[in-house]
Amino acid sequence: MEHSAGQHPDHVAQIQAGWRRERPDLDVSPLAVIGRLHRLAARLTAELTLVYQRYGLSEGEFDVLAALRRAGAPYERAPGELAAHTMVTTGAMTKRIDRLERAGLVTRRPAVDDRRGRVVALTDAGRRLFDEAFTAHIRNEHRLLAHLAPEEAGALRTLLTAWQHRLDGTGGDTGPDTGSMHRAESNGDGRS
C-alpha cells in the first residue's frame with residue numbers, strides 16, 4: 001500500500017488506484033515516484049519563486065544573475081555562455097538580458113576579442129541586489145529541506161545524483177544495459 005496506517009492516500013496514490021481499476025493490465029508503480037517528483041517540483045518552484053519576486057526578479061532573471069555572479073570578478077559572460085549555463089535558447093536569453101538591462105542590473109558591451117560579440121556584466125546595483133536575493137534564496141532552501149532529517153536529505157541527494165547521472169549517461173554506476181546503450185546513443189560530448 002502507498003500510505004502508512006492511519007494516513008489517507010495522497011493525490012498520486014488516488015490516481016494510481018484509479019489506473020489500477022481502469023487498466024489492471026499495466027504496472028502503474030512508476031507513478032509513485034515520477035508523479036510525486038513532478039508534484040514536488042511544481043511545489044518547490046512555487047516556493048522558490050516567491051523569494052525571487054520579493055526582489056523584483058523572475059526565475060529566469062535570477063538564473064542569469066546567478067550565472068554572472070558565479071563567474072567571479074568581473075562578473076561577466078557572453079550571452080551564448082549565459083544561455084548554456086542556464087539551459088535556455090539564445091532568444092530567451094536575449095529577452096532576459098533586455099529586462100535586466102532596463103532595470104539597471106546588467107550592462108552589455110562589445111567583446112574585446114570579437115567586435116561582433118557582446119559581453120554581459122553585472123552592475124554594482126545588480127551584484128548588491130543579487131547577493132541579497134541569493135542570501136534569502138539559500139535561507140529559503142534550508143527552510144524547505146528542514147522538512148527532512150539530515151540523513152533523509154543525504155540519502156535523497158545520493159539517489160537523485162545517481163539517477164541523474166544514469167539518465168544523462170555521465171558516469172556513476174549506470175548498470176550493464178542502460179548506461180552502455182545511452183553512451184552509444186550520445187553524440188560524444190555527454191549530451192543526447
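Modeller: Helices here are DSSP runs of H or I with at least four residues, strands are DSSP runs of E with at least two, and both are numbered from the N terminus. You are looking at a predicted model, in which local features need pLDDT of at least 70, side-chain atom pairs count only at pLDDT 80 or more, and totals for chains, interfaces and linings use all residues. Residues are numbered from 1 along each chain as its sequence is written, and side-chain values use heavy atoms, with hydrogens and water left out.

Biologist: Thanks! How many helices and strands does the protein have?

Modeller: From the N terminus on, the elements run α-α-α-β-α-α-β-β-α-α-α. That comes to eight helices and three strands.

Biologist: What is the relative accessible area of Asp63?

Modeller: Asp63 lies in helix 3. Buried means under 20% relative accessible area, exposed over 50%, and partly exposed in between, with a 1.4 Å probe and protein chains only. Asp63 is partly exposed, because its relative accessible area is 29%.

Biologist: And how far apart are the C-alpha atoms of Asp63 and Met87?

Modeller: Met87 lies in the loop between helix 4 and helix 5. Along the chain, Asp63 and Met87 are 24 residues apart, while their C-alpha atoms are separated by 9.8 Å.

Biologist: Is Met87 buried or exposed?

Modeller: Most residues other than glycine have a negative phi. Met87, although not a glycine, has a positive phi of about 60°. With 75% relative accessibility, Met87 counts as exposed.

Biologist: What about Tyr75: buried or exposed?

Modeller: Tyr75 sits in the loop between helix 3 and strand 1. Its phi is positive too, at about 60°. Its relative accessibility is 14%, so Tyr75 counts as buried.

Biologist: Which residues does a cis peptide bond join?

Modeller: Most peptide bonds are trans. Look in the loop between helix 3 and strand 1 (76-77), where Pro74 has its place. With omega at about 10°, the cis bond joins Ala73 and Pro74.

Biologist: How are helix 3 and helix 5 oriented to each other?

Modeller: Axes are lines fitted to C-alpha atoms, for helices over the stretch in contact (heavy atoms within 4.5 Å), and angles run from 0 to 180 degrees between N-to-C directions. Angles under 35 degrees count as roughly parallel, over 145 as roughly antiparallel, 65 to 115 as roughly perpendicular and the rest as oblique. Helix 3 and helix 5 pack at about 85°, with axes 10 Å apart. Helix 3 and helix 5 are therefore roughly perpendicular.
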